[in-house]
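Could you walk me through this model in my viewer, one selection at a time? I would like to know what to click on next and what is there.

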Amino acid sequence: MWDKGTWSVEVKQPELQISRSYTPLPPIKPVDYSELRFLIRKEHKGEVSGYLHSMGLNSQMELRGPHPGFDIPENVAEVVFLAGGTGIAPALQAAYTTLERRNAEARVRIVWSNRWRDDCEGGGQLDNMDRKQAGLIVQELEVLQKKHPGQLTVDYFVDEEKTFLNQKKISQLTNTSRRSNFEGTKLLFISGPEGFVNHFAGPKRWEDGREGQGKVAGVIGKMALRDWIIWKL
Ligand SMILES: Cc1cc2nc3c(=O)[nH]c(=O)nc-3n(C[C@H](O)[C@H](O)[C@H](O)COP(=O)(O)OP(=O)(O)OC[C@H]3O[C@@H](n4cnc5c(N)ncnc54)[C@H](O)[C@@H]3O)c2cc1C
C-alpha cells in the first residue's frame with residue numbers, strides 16, 4: 001500500500017460489533033510490514049477510540065482491510081495537504097509516497113491545524129527547543145524534511161494561539177507560477193474533522209450508497225483553482 005498513496009484499515013470493537021477506520025502512519029525505518037502505527041485521538045465517549053485507548057500492551061485487536069484511499073499518480077509534481085487534527089495521518093502517507101516513491105523533484109507542502117498546542121508540541125518552534133520535547137508527529141515530520149531538503153514544508157496553525165489557516169495562505173501554497181518548467185499533476189487534499197473539511201472545501205455527499213466527494217465549495221470553492229485536483233479525505 002505504501003507504493004500507492006493514502007489508505008486505512010478498520011478496527012473492530014468486539015463487544016459492540018462496530019468498526020471504525022484508522023490511518024496507518026508511514027514507516028520511519030526501512031519498511032517493516034509486520035508493524036502498523038497509528039495516531040488515534042481519544043474522542044469524548046467515543047466507542048472505538050475509547051476502546052483502543054483502554055487496551056494494554058500486547059493486547060490483540062481485529063483489523064479489516066486495507067482499504068485504498070487516493071492513489072498518488074506517478075507524475076505527481078505538487079502536493080498541498082490541508083490537515084486538521086488527526087487528518088495529519090493521511091498527510092504523512094501522501095508525503096511518504098510522494099517523497100519516497102515518486103519523482104525526486106516533487107514538492108509537498110503540509111499545513112497542520114490544531115485546536116491546542118499540546119496536539120503539535122514544538123511544531124514551527126523546533127529551533128528554540130529541545131527536540132525530545134516535541135510531539136512525536138512533529139518529530140517525524142522533521143525527519144522527513146531533513147531527508148528530503150527543499151521538498152517538504154510544514155506550517156502549523158493553532159486555534160488557541162489565534163493563528164488560523166485562511167484563503168491567503170492557500171493561495172500562496174497553490175501559486176506555482178515560479179515552477180512552470182516542472183510539469184506534472186497537482187494535488188490539493190483536505191482532511192480532518194467534518195467541520196474543517198466543510199469549511200475549506202464543502203461537505204462530502206452520499207452518492208450511490210457511498211460517501212462521495214460532493215461539490216468543491218467553501219473557501220476553496222471560491223478560489224477557482226485551475227489545474228489542481230482537489231480531494232477531500
Ligand atoms: C478513512 C478514515 C480514516 C480515519 N483515520 C483516523 C485516524 O488515523 N485517527 C483517528 O483518530 N481517527 C481517524 N478516523 C476517525 C475514526 O474512524 C472514528 O470516527 C473516530 O475515532 C471516532 O470513533 P469512536 O467510535 O471513538 O467515536 P463514536 O462513538 O463514533 O463517537 C464520535 C463522537 O460522537 C459523539 N457521539 C456519539 N454518539 C452520540 C450521540 N448519540 N449524541 C451526541 N454525540 C454522540 C461522541 O461523543 C464522539 O465525540 C478516520 C476516519 C475515516 C473515515
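**Around the ligand**

Start with helix α1, which supplies the largest share of the shell around the ligand, four residues. Keep in mind as you go that this is a predicted model.

Now widen the selection to the whole shell: 19 residues surround the ligand, and the closest are Ser21, Thr23, Gly46, Val48 and Ser49. The elements that give two or more residues to this shell are strand β2 and helix α1, the latter covering residues 47-53.

**A cis peptide bond**

Next, select Gly65 and Pro66. The peptide bond that joins Gly65 and Pro66 is cis, with omega at about 5°. Pro66 belongs to strand β3, which runs over residues 62-71.

**Two positive phi values**

Move on to Gln17, in the loop between β1 (5-13) and β2 (18-22). Phi of Gln17 is near 55°, a positive value in a residue other than glycine. Is Gln17 buried or exposed? Gln17 counts as exposed because it has 7 C-beta neighbours inside 10 Å, and the cut-off for exposed is 12 or fewer.

For the last stop, jump to Asp227, in the loop between α6 (218-221) and β10 (228-232). Asp227 is not a glycine, yet its phi is positive, at about 70°. With 10 C-beta neighbours inside 10 Å, Asp227 therefore counts as exposed.

Technical notes:
Residues numbered from 1 in each chain as written. Predicted model: local features only at pLDDT ≥ 70, side-chain atom pairs only at ≥ 80, totals over all residues. Buried ≥ 20, exposed ≤ 12 C-beta atoms within 10 Å, placed from the backbone. Near = placed C-beta within 6 Å.
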